[in-house]
Amino acid sequence: MKVIVIGAGVIGITSALALCREGHDVTILDREGVAAGASQGNAGAFAFPGVIPVATPGIVLKAPKWLLDPLGPLSIPPRYALKLAPWLVRFWRASWRDRFEPTVAAHGALMAHSSRALEALVQRYGLESHLHREGQIDVYDSERTYRESLAFWDLAARHGVEHERLEGRNALLDRQAGLASRFEYGVFTPSWLNVFDPKIWVQTLAELFVQQGGKIEIASVEALRSDQDGAVVHAGGTEHRCDRVVLAAGAFSHRLAKTLGDHIPLETERGYNTTLPKGAFDLTTFLTFADHGFVVGRSGPGIRVGGAVELGGLELPANMKRADALLQKAKKFLPDLNTSGGRQWMGFRPSTPDCKPVISMSPSSPLVIYAFGHGHLGLTQSVGTSELVADLVLGRTPSIDLAPFAADRFSKIF
């Protein structure tokens, strides 16, 4: 079978590798090349404990406080607010209890599948040297916010998330020295993994793909269609014919889905970070500052400080003051952190309003498979998604129920 995969980020590359391994003729088309977008500058986390979506009950009540701080954990540029309104309404509806708990269950199933798939991939290709198995701590500002989080941790535990509650400063410091004196509470999740460098990880998978006969071409895809002879990809003034298309173009995917007639409410969470050089801090585990929406993790030989959410679309210029603000907070929370010599970055996270990816056939054409919208969890869910994509392409029964990830689930808001 001839397959074209659109997108050379972690979802596209991993899906292409899975299909190539099964003997198919696979070509990747990408407008820039391997790991040129969010796949190169993310936090590098396989965040398998992250089954709780951003759209939690009560989140809308917290949002106004966050929005009052232009450099806080959530920002919506005023000139983008009106365009974003329909997405925000869907996000609010997704936070209701009747949809929140099924979303947790769907994430739990996809996370468990993705964890198993990653371990198989690592063993198959000998990739263990790319991983840090150091776990992660959610660090809380106060006993109050820590206690408020425990109901969510109990729910996560019911979906297989192992965790250890760290109550008291000594318990916290035993896991990570150097935290500011204000911190006394946290939760440690041992199943959290990190790659040494997310860009190198994707490049390594791309090399394996090419070694197995796969092809990668630089081409800007303009439209998709299908007819009685198969699927057609329009790119650079040329028609590329194939048997199946996998659309994994990250934050740009909804534009191409629209050319098929599918309207998917995909938005862009613009994430900011700063990568500090080797020796910036003695980090022994990945840190998530849960009340502030940012993380500190190892990336390559250095330290990456990043996160927060700016719902600003694909066109507005980057606001690097947000990266500066995160770095300043990190310095307050980790007094020994050396913040000099950093490299800033901003990337686009493709996010649906219900915080679940789209992994399904196109409602308009069964020859086109969608694999996008993973938000903060693209790397985490990439290997599991690749196996599900292969199932869909080959007409097999998927390993998990894909109804929660269907592309047509957005037809009704209420």
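Visitor: Leaving aside its neighbours within four places in sequence, which residues is L388 in contact with?

Guide: L388 touches L110, H113, I359, P398, S399, I400 and L402, where contact means heavy atoms within 4.5 Å. This is a predicted model, in which local features need pLDDT of at least 70 and side-chain atom pairs count only at pLDDT 80 or more, while totals for chains, interfaces and linings use all residues. Residues are numbered from 1 along each chain as its sequence is written, and side-chain values use heavy atoms, with hydrogens and water left out.

Visitor: Where is the place of L388?

Guide: L388 belongs to helix α11 (residues 382–394). Helices (H or I, at least four residues) and strands (E, at least two) are DSSP runs, numbered from the N terminus.

Visitor: And does L388 count as buried or exposed?

Guide: L388 counts as buried, at 0% relative accessibility. Buried means under 20% relative accessible area, exposed over 50%, and partly exposed in between, with a 1.4 Å probe and protein chains only.

Visitor: How far apart are L388 and S360 in space?

Guide: The C-alpha to C-alpha distance between L388 and S360 is 8.8 Å, and 28 residues separate them in sequence.

Visitor: Changing topic to strands: how many residues of β15 are buried?

Guide: In strand β15 (residues 267–276), 10 of its 10 residues are buried. Both faces are covered, with E267, E269, G271, N273 and T275 on one side and T268, R270, Y272, T274 and L276 on the other.

Visitor: Which strands is β15 joined to?

Guide: β15 runs antiparallel to strand β19 (residues 343–351), with 9 bridges between them. β15 also runs antiparallel to strand β18 (residues 302–311), with 7 bridges. Two strands pair if DSSP finds at least two bridges between them.

Visitor: What stands opposite E269 in each?

Guide: E269 faces R349 in β19 and L311 in β18.

Visitor: What about β18 itself, and how many of its residues are buried?

Guide: 10 of the 10 residues of β18 are buried, so this strand is largely enclosed by the rest of the structure. Strand β17 (residues 294–299) pairs with β18 in the antiparallel sense over 6 bridges, and V296 stands opposite V305 there. Strand β4 (residues 74–75) runs parallel to β18, joined by 2 bridges.

Visitor: How many residues lie between β17 and β18 in the hairpin?

Guide: The hairpin has 2 residues between β17 and β18, and G300 in the turn has a positive phi of about 60°.

Visitor: Now charges. How many salt bridges does a search of the whole structure find?

Guide: The search finds 23 salt bridges, each being a side-chain nitrogen of Lys or Arg within 4 Å of a carboxyl oxygen of Asp or Glu. R225, D227, E239 and R241 are linked in a network of such bridges.

Visitor: Which residue does E134 form a salt bridge with?

Guide: E134 pairs with R298, and their closest N and O atoms are 2.0 Å apart. The pair links distant parts of the chain, with E134 in the loop between β5 and β6 and R298 in strand β17, 164 residues apart. E134 is partly exposed at 26%, and R298 is partly exposed at 28%.

Visitor: K356 and D354 also form a salt bridge; are they buried or exposed?

Guide: K356 and D354 are both buried. The closest N and O atoms of this salt bridge are 3.0 Å apart.

Visitor: How many disulfides does the structure hold?

Guide: The structure holds 0 disulfides, a disulfide being a pair of cysteine sulfur atoms within 2.5 Å.

Visitor: Lastly, which residues make the nonpolar surface patch?

Guide: V60, V89, W92, W96 and F414 make this patch of about 450 Å². Patches are made of residues with over 30% relative accessible area and no salt bridge; like charges are joined within 9 Å, and nonpolar side chains (Val, Leu, Ile, Met, Phe, Trp, Tyr) within 5 Å. Accessible areas come from the Shrake-Rupley method with a 1.4 Å probe, and for residues only the protein chains shown count as cover. V60 lies in helix α3 (residues 59–67) and is partly exposed, at 36% relative accessibility.
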